[in-house]
Amino acid sequence: MKKFIGIFLTFVFIFSVLLSEYDDLYGSWAFYALGMFMVALGYIYKGDKNSTSCFWVGLFIMLITFLGANVSS
């Protein structure tokens, strides 16, 4: 995938971790948005080098975030 997208996803991941340390609700939303973005990019760039792993990691992040939010409430 493109270098800018990789750098952007890394920045959003670090921001989500820091945000979840500050406030769980906003961190959860940031992780869910990161997962949705990764799934969309993995689908759009299918056939590229890292698009399949981006798609599945995004689905995993969304699943963990969704289950964590529903189990803890």
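Read along the sequence, this chain follows the pattern α-α-α. Its radius of gyration is 13 Å, close to the 11 Å that the globule rule gives for 73 residues, so the chain is as compact as a globular protein of that length. The model is predicted, and it contains three helices and zero strands.

**Overall dimensions and contacts**
- The C-alpha trace spans about 40 × 20 × 10 Å along its principal axes.
- Among contacts between residues at least 6 apart in sequence, 46% join residues at least 24 apart.

- In soluble globular proteins, nonpolar side chains tend to be buried together.
- The largest nonpolar core of this chain consists of nine residues: Ile5, Leu9, Val12, Phe31, Leu34, Met38, Leu41, Cys54 and Ile61.
- Two or more residues of this core come from each of α1 (3–22), α2 (24–44) and α3 (51–72).
- The greatest contribution to this core is made by α2, which supplies four residues.
- Leucine 9 is one of the core residues; leaving aside neighbours within four places in sequence, leucine 9 is in contact with Leu34, Phe37, Met38, Leu41 and Cys54.

**Burial and surface**
- Of the 73 residues in the chain, 27% count as buried.
- The chain exposes about 5400 Å², and carbon and sulfur atoms supply 74% of that area.

**Charge**
- The chain carries 4 positive and 4 negative side chains.
- The centres of these two sets lie 24 Å apart.

Note on methods: Residues are numbered from 1 along each chain as its sequence is written. This is a predicted model: local features need pLDDT of at least 70, side-chain atom pairs count only at pLDDT 80 or more; totals for chains, interfaces and linings use all residues. Side-chain values use heavy atoms; hydrogens and water are left out. The radius of gyration is taken over C-alpha atoms; the globule rule is 2.2 Å times the number of residues to the power 0.38. Buried means under 20% relative accessible area, exposed over 50%, partly exposed in between (1.4 Å probe, protein chains only). Contact means heavy atoms within 4.5 Å. Accessible areas come from the Shrake-Rupley method with a 1.4 Å probe; for residues, only the protein chains shown count as cover. Lys and Arg count as positive and Asp and Glu as negative; His and the chain ends are not counted. The place of a charge is taken as NZ of Lys, CZ of Arg, CG of Asp or CD of Glu. A nonpolar core is a set of buried Ala, Val, Leu, Ile, Met, Phe, Trp, Tyr and Cys residues joined through side-chain atoms within 4.5 Å.
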